[in-house]
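Hi everyone, thanks for coming. I'd like to walk you through one model today, so let's bring it up on the screen.

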Amino acid sequence: MSRLAVVTGGTRGIGAAISVALKAKGYQVVANYHKNNDAAQAFAAQHNVHVQGWDVSDAAGCQANLQAIQSKYGAVEILVHNAGITRDSFLHKMTPDMWHQVIQTNLNSCFYMVQPVIESMRQNGFGRIVLVSSVNALKGQMGQTNYCAAKAGIIGFAKALALESASKDITVNVIAPGYINTEMVQAIAQPILDKIVSQIPKSRLGTAQEIAHGVSFLVSDEAAYITGETLNMNGGLYLR
Ligand code: NDP
């Protein structure tokens, strides 16, 4: 029986590429999404991947949906928590709502998503957890105090959980993408995007498939000795 992987935000952008890559590697994949039901159903039909909609910022929703997935398909052995949002603004103009939405969706969701699956991973003596952070967690970005705080928090979360889980053959790693050509980045104003690309040593945006390759490796048996790490995939941006 192939391993079961859950990918949050797994029907669009980077997450969609991750779902497709894991399916191609022979895993059973359940791709989570939030509100874009049309995109999710089109994705499911095109790639023959199970999709399930819920809000990862809702603790009870995560608990109920993960329980339903485990009852239907078996224990979740691979969790790729990729769903994330931005609500950009300089801090002096940021509303409490913008702050809380980003912390809730990008960081608190790590607790909501991992807690319901970690016990069975411990009991089964196997697990692969990959959390998607961002280059901006490491280098900072104007207008993103909320996002950078949440994405940096993910790295600390992963390191602590990696220590707790290593003896049970559960690895916990982070991928920190640079600027990847998805709708999230296409929403950036063109002059700002041009400036960003001019600062990337590879002189281009990354592709969602390139990030998916990193995830495929980290969840593989070959990556069993890698835990608590952050894999930077940013075309060299972090070097400048
Ligand atoms: P997109 O905006 O293209 O897609 C986001 C996905 O997350 C969608 O599938 C969306 O669901 C889902 N999602 C958003 N909020 C929730 C929620 N509350 N509950 C469940 N699912 C949700 O994003 P990207 O593919 O660009 O980004 C994916 C991840 O990578 C994010 O965590 C992002 O922060 C991170 N990242 C992206 C970078 C980039 O350059 N693109 C750079 C660095 C990090 P739905 O389809 O229903 O809307």
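Let me start with a question: how do the residues of the lining of the second largest pocket divide into nonpolar, polar and charged? Keep in mind that this is a predicted model. The answer is six nonpolar, four polar and three charged. That lining has 13 residues, and nearest the pocket's centre you'll find Gly206, Glu210, Met233, Asn234 and Gly235. The space in there comes to about 160 Å³.

Now, on to the packing. In soluble globular proteins, nonpolar side chains tend to be buried together. Here, the largest nonpolar core has 30 residues, and those with the most contacts inside it are Val6, Trp54, Ile69, Leu79, Met113 and Ile129. Among the elements giving two or more residues to this core are strand S1 (4-7), helix H3 (59-73) and strand S5 (127-132). Helix H4 gives the most, with seven residues.

Have a look at Trp54. Beyond its neighbours within four places in sequence, Trp54 is in contact with residues including Val6, His34, Cys62, Ile69 and Met113. There is also a second, separate core of 24 residues, which includes Val80, Ala208, Ile211 and Leu218.

One last stop: Ser134, in the loop between S5 and helix H5 (135-139). Is Ser134 buried or exposed? Its relative accessible area is 5%, so Ser134 counts as buried. A polar atom of its side chain lies 2.9 Å from the backbone nitrogen of Asn136. Leaving aside neighbours within four places in sequence, Ser134 is in contact with Tyr147, Lys151, Ile175, Ala176 and Pro177.

Thanks, everyone!

Note on methods. Residues are numbered from 1 along each chain as its sequence is written. This is a predicted model: local features need pLDDT of at least 70, side-chain atom pairs count only at pLDDT 80 or more; totals for chains, interfaces and linings use all residues. Side-chain values use heavy atoms; hydrogens and water are left out. A nonpolar core is a set of buried Ala, Val, Leu, Ile, Met, Phe, Trp, Tyr and Cys residues joined through side-chain atoms within 4.5 Å. Buried means under 20% relative accessible area, exposed over 50%, partly exposed in between (1.4 Å probe, protein chains only). Helices (H or I, at least four residues) and strands (E, at least two) are DSSP runs, numbered from the N terminus. Contact means heavy atoms within 4.5 Å. On a 1 Å grid over the protein atoms alone, a cavity is a set of points where a 1.4 Å probe fits but cannot get out, and a pocket is an open set with protein on both sides within 12 Å along at least five of seven lines; lining residues have an atom within 4 Å of a point. Grid points are joined across faces, edges and corners, and a volume is the space filled by probe spheres set on the points. Ala, Val, Leu, Ile, Met, Phe, Trp, Tyr, Cys and Pro count as nonpolar, Asp, Glu, Lys and Arg as charged, and the others, Gly among them, as polar. A polar contact is a pair of N or O atoms within 3.5 Å; within protein, one must be able to donate a hydrogen and the other to accept it, and residues adjacent in sequence count only if both atoms are side-chain atoms.
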